[in-house]
Amino acid sequence: MKGSKIKHIGFTKQRRRNIIGCFISILIAIVFLFPIYWLIIMSFKSDTETFGKILTYYPHKFTIDPWLENFRDKDFLVSLRNSVVIATLSMALSLTLGIPAAYGMGRYRVPGRKALLLTFLITQMLPASLMLTPMYLIFNNLNILGTFFAPAIAIASGSIPFIVITLRPYFKSIPVSLDDAARIDGCGVLKSFFKIMLPTIKTGIITVTVISFLNGWNDLAYSMTFNVEAKMRPLTANIYKFQSKYGTRWNCIMAYGAILVLPVILIFVFLQKHIIGGLTAGAVKE
Amino acid sequence: MKMEARKRLEGFAFILPGFLYIVLILGYPLLYNFVLSFKNMDVKNFKTAASVFIGFKNYIFLFKDETFQLVFKNTFVFTVGCLVFQFVIGFVFALFFSKKFTLAGPIRGLILIAYMMPMAVTALLGKNIFGVSEGVVNDILMKTGMIKEPVEWLVSTGTAMIAVIAVNCWVGIPFNMLLLTSGLTGISDEIYDSAAVDGANFRQRFFHIILPLMRPAILSVLMLGFIYTFKAFDLMFVMTSGGPLNATDVLGTYAYNLSFTQYKFSLGAASAIVLFICLFAVGLFYLKLISKEED
């Protein structure tokens with residue numbers, strides 16, 4: 001009799017904690033995510049409402065015109081395509097070179113591995129402004145200035161170390177017995193890499209794929225510097241152009257921004273679980 | 001023995017392509033910039049100045065230059081301001097969301113969107129939110145009676161830095177939360193339970209258990225935070241262009257403008273090297289921390 005009463009109290013206490021936790025977290029979300037809410041609602045306001053004297057906190061007259069205006073603009077579509085191409089290209093390059101390097105660093109006791117790891121870590125400290133002038137000259141010599149390769153190659157140089165640092169602990173954590181089993185089954189080195197290792201660390205692979213895509217998608221400095229012509233620039237680097245085009249028509253500017261943020265939101269809604277685990281594995285060691 | 005040599009070769013075969021790429025694409029520019037910073041190259045003497053070294057003159061010029069001094073100071077003010085707020089708030093968030101309640105996971109995930117957004121868009125949004133008449137920050141402050149007149153956030157030199165720091169913290173808080181959360185999950189429930197049995201209250205648990213156990217995670221997040229914040233570029237470039245009157249100009253934007261709007265390549269290289277040396281000084285501690293835990 002007494003036992004069940006204690007259990008009952010414990011249960012309600014736990015439930016109360018849950019409700020308080022949820023309540024506070026909703027408050028945090030409302031305050032913290034307000035800028036994203038603002039970005040989205042602004043993009044659905046009409047011109048009259050945007051220029052109105054009174055600031056409205058939700059679109060009183062909901063319209064998708066600002067979005068349509070962007071999508072009807074040929075320059076916008078070209079920039080959008082450029083963003084996709086640059087992000088995909090730099091992602092492909094980063095994954096092709098980064099994943100094998102992480103595998104080698106995680107599973108082979110190669111001599112000098114500490115120095116190799118330090119080199120990858122140091123590259124995280126290099127600011128873009130340090131790289132721009134020399135890269136500009138190199139790409140000029142290679143004759144790839146003004147092409148998608150210039151920004152893609154530069155962006156990949158940042159993503160590859162990230163992939164190595166993030167995935168190395170994953171590869172390290174795969175038990176050696178799995179290698180041996182693969183060898184006994186007659187798997188060669190490459191086959192065991194593709195057929196056994198990669199599927200085993202799926203979470204890590206999803207994380208680095210997403211992040212290396214976003215590194216390209218989010219890039220501003222490299223594309224802006226290496227591709228001078230607006231028709232070769234991605235959405236990020238053309239922000240100034242569209243800003244001066246729209247003037248103070250913030251609804252159109254915000255629609256432009258919302259379209260740039262959309263992939264990020266989609267990725268997070270659908271792959272959240274994988275990415276959060278994956279991001280923290282390499283950065284901090286317990 | 002032969003087997004071992006073969007394995008080593010295998011390992012190198014996997015590592016080398018990526019490693020060489022990094023060394024070529026990043027190592028060469030680093031050296032090139034270093035050399036360039038001891039020359040006097042600009043757009044006019046591109047060919048003739050290539051072989052003339054002028055020693056430390058660029059560096060001496062920079063440190064005597066008032067604008068550079070301001071930019072140097074700005075970079076530190078920006079970095080320290082961001083680190084303090086994003087670390088404290090990020091830590092509070094990490095502690096809070098490590099509690100077990102239904103919405104902990106989903107809302108933590110939503111908050112991370114701020115961290116992954118393109119900085120160019122975040123900066124654009126910041127420009128709008130901190131606008132004088134169209135900005136929602138002023139609107140809220142006026143409505144709640146905290147200010148009487150609209151604040152000219154990005155127009156006056158005194159407030160622009162505050163606005164830029166606030167926007168950067170919005171990105172930095174999720175980053176700090178993420179890394180500190182993973183540090184927190186490293187502390188096992190048993191340690192908490194035994195502390196609770198011993199009758200430790202939250203303050204005691206925080207200062208005697210959580211902080212000491214999270215030391216490596218805290219150091220990592222502070223040093224990585226320093227590195228990412230100190231080299232800021234996109235935010236200022238879009239939100240303020242370094243203005244008004246260089247009030248939000250930092251080493252990243254300053255070096256870029258020297259090289260690509262004024263075409264003073266050597267001076268630009270020198271200020272980029274100054275930026276790198278500051279990053280590297282802090283980075284060395286980070287490398288030491290990481291490599292100590294490495295076998």
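**Stop one: a loop in chain B**

Select B:Asn246, which is partly exposed because 19 other C-beta atoms lie within 10 Å. The cut-offs: a residue is buried if 20 or more other C-beta atoms lie within 10 Å of its own, exposed if 12 or fewer, and partly exposed in between, with C-beta atoms placed from the backbone. B:Asn246 has a positive phi of about 65 degrees, although it is not a glycine. You'll find B:Asn246 in the loop between helix 12 and helix 13 of chain B.

A quick word on what you're looking at: this is a predicted model, where local features need pLDDT of at least 70, side-chain atom pairs count only at pLDDT 80 or more, and totals for chains, interfaces and linings use all residues. Residues are numbered from 1 along each chain as its sequence is written, while chains are lettered from A and ligands numbered from 1 in the order in which they are written.

Stay in the loop and click B:Ser241. B:Ser241 is not a glycine either, yet has a positive phi of about 55 degrees. B:Ser241 counts as partly exposed because it has 14 C-beta neighbours inside 10 Å.

Now pick B:Pro244, in the loop between helix 12 (234–239) and helix 13 (251–260) of chain B. Helices here are DSSP runs (H or I, at least four residues), numbered from the N terminus. A cis peptide bond joins B:Gly243 and B:Pro244, with omega about -10 degrees.

**Stop two: where the chains touch**

Show both chains. The contact takes 75 residues from chain A and 77 residues from chain B; two residues are in contact if their C-beta atoms, placed from the backbone, lie within 7 Å. Highlight helix 14 (residues 250–283) of chain A, which gives the most to chain A's side, with 13 residues.

**Stop three: two domains of chain A**

Colour domain 1 (2–51) and domain 2 (68–283) of chain A; the bounds come from an automatic or database domain assignment. Their C-alpha centres lie 33 Å apart. The contact between them takes 7 residues from domain 1 and 8 residues from domain 2. Which helix gives the most to the domain 1 side? Helix 2 of chain A does, with 3 residues.

Finally, zoom in on helix 2 (residues 34–42) of chain A, whose buried residues are A:Ile36, A:Leu39 and A:Met42. Seen down the helix axis, these buried residues fall within an arc of 135 degrees, so they line one face of helix 2. That arc is taken from the directions from the helix axis to the C-beta atoms.

Definitions and conventions. Helices (H or I, at least four residues) and strands (E, at least two) are DSSP runs, numbered from the N terminus.
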